[in-house]
Amino acid sequence: MSVKHATVVQVQGITLAAKGDSNHWVMMDGQESFGGSNAGSTPKELLLMALGGCTASDVISILRKKGVPYYRCIVNLTGTAREEHPTVFTEIHIEYVIHGKEINIPDVERAIELSSTKYCAVSAMLKQSVVITHSYRIDETGSISTEGAKV
């Protein structure tokens, strides 16, 4: 059994600093109207980022192992939360943007499938209560802009 630890420390108001076993600090905060100072990402944003990071790591690793000729992977996530408290995510959509030329589509589809069904622990935890969908597109233009990334 693997045990992980994290510590969250109040800095001021609801501005919080957190670190886990890796000993890297992450700032969390909220809007000023809620007692924050907009000094960091909200915990819900970090949840989306964790899902995106987990699945991106899987897909990148699988594409590399398959020798897919890509040069960048961008993952855009869109979370839809209910209006009532707790305002939990009810749906999350993951869009994978794979940059490269002459990419074999089945390789990309298989990498996404393996991440979503076998390897991504964050996805496995969330899909018990959140509908997670995904799509992908191949960008052969050479553009590496992250414009349009959705949070």
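**A tour of the loops, cysteines and pockets**

Select Glu102 to begin: this residue is exposed, with a relative accessible area of 73% (exposed is over 50%, buried under 20% and partly exposed in between, with a 1.4 Å probe and protein chains only). The model is predicted, so local features need pLDDT of at least 70 and side-chain atom pairs count only at pLDDT 80 or more, while totals for chains, interfaces and linings use all residues. Residues are numbered from 1 along each chain as its sequence is written, and side-chain values use heavy atoms, with hydrogens and water left out.

Stay on Glu102 and display its backbone. Its phi is positive, about 55°, although the residue is not a glycine. Glu102 sits in the loop between S5 and helix H2 (105–119); helices (H or I, at least four residues) and strands (E, at least two) are DSSP runs, numbered from the N terminus.

Next, go to Asn38, another non-glycine residue with a positive phi, near 55°. The loop here runs between strand S3 (25–28) and helix H1 (43–65).

Then select His85 and Pro86. The peptide bond joining them is cis, with omega near -5°. Pro86 belongs to the loop between strand S4 (70–81) and strand S5 (89–100). For context, most residues other than glycine have a negative phi, and most peptide bonds are trans.

Now show the cysteines. There are zero disulfides in the structure, a disulfide being a pair of cysteine sulfur atoms within 2.5 Å. From Cys73, the nearest cysteine sulfur is that of Cys120, 12 Å away. Cys73 counts as buried at 16% relative accessibility, and Cys120 counts as buried at 3%.

Finish with the pockets. On a 1 Å grid over the protein atoms alone, a pocket is an open set of points with protein on both sides within 12 Å along at least five of seven lines, and lining residues have an atom within 4 Å of a point; a cavity is a set where a 1.4 Å probe fits but cannot get out. Grid points are joined across faces, edges and corners, and a volume is the space filled by probe spheres set on the points.

For the largest pocket, about 400 Å³ in volume, select Asp29, Gly30, Thr42, Pro43 and Lys44, which lie nearest its centre among 18 lining residues. H1 supplies the largest share of this lining, four residues.

The second largest pocket has a volume of about 280 Å³. Its lining includes Lys4, His5, Asp21 and His24, and strand S2 (residues 15–20) gives the most, with three residues.
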